[in-house]
Amino acid sequence: MANGTAAPTDLDSRLEAHRTELTGYCYRMLGSSFEAEDAVQDTMVRAWRSFDKFEGRSSLRSWLYRIATNVCLDMLTAGNKRARPMDLTESTPLAQAALSPRPDNTWLEPMPDARVLPTTGDPAEAAIAKESVRLAFMAALQKLPAKQRAVLILREVLAWKASEVAELLDTSVASVNSALQRARATLAERQEPGAEAAVSDPLDADQQKLLDRYVAAFEGYDMTALTALLHEDAVMTMPPFDLWLTGTRDITGFMTTLGAPCAGSRLVPVQVNGLPGFAQYKPDPEKGGFTPWAVQVLEISDGRITGFHCFLDTQRWFPLFDLPLHLEAETDQVEQGA
């Protein structure tokens, strides 16, 4: 429809067909679930309003990526880089643990897989897509200047040709190749905590067994069993608090002191950032049943849990994951929404 004569309903469906992959792209660029969805909505509105100027010299998909890139670059001009607690502070010993929150726009945010990972029949392509939204990779992307970030995502994750990226960014192939080299060098210099996480897709039998044991240990609040599942250098984070803990002794010590109200919690499986995760509901002493407490993201390596990341802003995260804001006492688990 190079002449811009597409019927409104036809154009709507054509634009919507690209929403998931564009959300994944904007999420990798911005590090924020909600900013990514805002950026895609802005992209769709701009595309709708200017469709009569779309001359069909590129595909509709490429044109939408050009718009989305410009939207993201505009949003990144403020210089805000999303981070994890370990990017901002040193690990805190349990004896000095204090829960100090930072503003929402500080943090790298979790994202449901279904919102950013398009369905594909190619297992290799699906694996790359999942790896590219894992927390460690997302944190690494945040270290890159905005245009290097765009080049790396387009070339390494989405497998665009250098010439296609150059056209999208209105630059030369040489400039794209140079930006990609610099981005690769930056990532190679920094080994992000959690980068070693190795989770098969789908989970293999040993990984599933590990998760089953984790659920039993956490719901039973059995610190001995939990210790056996955690790597000795496991990391625990709890945004919006900048506190992070290292090692089984401090993690389980925290859970039995400041975290003691989580005893008796229920866990509901979620697919988050290409990794296994759980929605944690803790007992609700006022209403009975269980109330939302955290979205947990687990990193696994060599048969142990190496990362245990709890995102606590449940009024934001649970609706994003289509999860109920209350569980009845007799309900041990619920199905995650579509």
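Visitor: Which residue in E4 stands opposite valine 272?
Guide: The model is predicted, with local features needing pLDDT of at least 70 and side-chain atom pairs counting only at pLDDT 80 or more, while totals for chains, interfaces and linings use all residues. Residues are numbered from 1 along each chain as its sequence is written, and side-chain values use heavy atoms, with hydrogens and water left out. Helices (H or I, at least four residues) and strands (E, at least two) are DSSP runs numbered from the N terminus, and two strands pair if DSSP finds at least two bridges between them. Strand E3 (residues 266-272) and strand E4 (residues 275-283) run antiparallel and are joined by seven bridges, and valine 272 faces leucine 275.

Visitor: Which residue in the turn of the hairpin formed by E3 and E4 has a positive phi?
Guide: The two strands make a hairpin with two residues between them. In that turn, a positive phi of about 50° belongs to asparagine 273.

Visitor: How far apart are the closest N and O atoms of arginine 61 and glutamate 21?
Guide: A salt bridge is a side-chain nitrogen of Lys or Arg within 4 Å of a carboxyl oxygen of Asp or Glu, and the count by this rule comes to 14. Arginine 61 and glutamate 21 form one of these, with a closest N to O separation of 3.0 Å. Arginine 61 lies in helix H4 and glutamate 21 in helix H2 (residues 19-30), so the pair ties together parts that are 40 residues apart in sequence. Glutamate 21 counts as buried at 18% relative accessibility, arginine 61 is partly exposed at 30%, and the N to O separation asked about is 3.0 Å.

Visitor: Which helix holds both aspartate 42 and arginine 46?
Guide: Their side chains meet in a salt bridge of 3.2 Å, N to O. Aspartate 42 is partly exposed at 29%, and arginine 46 is partly exposed at 33%. The two lie four residues apart, about one turn, in helix H3 (residues 33-50).

Visitor: Are lysine 130 and aspartate 113 buried or exposed?
Guide: The side chains of lysine 130 and aspartate 113 meet in a salt bridge of 4.0 Å, N to O. Lysine 130 lies in helix H7 (residues 123-131) and aspartate 113 in helix H6 (residues 113-116), so this pair ties together parts 17 residues apart in sequence. Lysine 130 and aspartate 113 are both buried.

Visitor: Why is H2 largely enclosed by the rest of the structure, and how many of its twelve residues are buried?
Guide: The expected span of a helix is 1.5 Å times one less than its number of residues, and H2, reaching 16 Å from its first C-alpha to its last, is close to the 16 Å expected. The buried residues of H2, including Tyr25 and Met29, pack against H3, H4, H6, H7, H8 and helix H9 (146-157). H2 is largely enclosed because, of its twelve residues, the number buried is ten.

Visitor: What radius of gyration does the protein chain have?
Guide: The radius of gyration is taken over C-alpha atoms, and the globule rule is 2.2 Å times the number of residues to the power 0.38. The protein chain has 15 helices and six strands, and buried residues make up 48% of its 338 residues. A compact globule with 338 residues would have a value near 20 Å, which agrees with the chain's 21 Å.

Definitions and conventions
Buried means under 20% relative accessible area, exposed over 50%, partly exposed in between (1.4 Å probe, protein chains only). Contact means heavy atoms within 4.5 Å.
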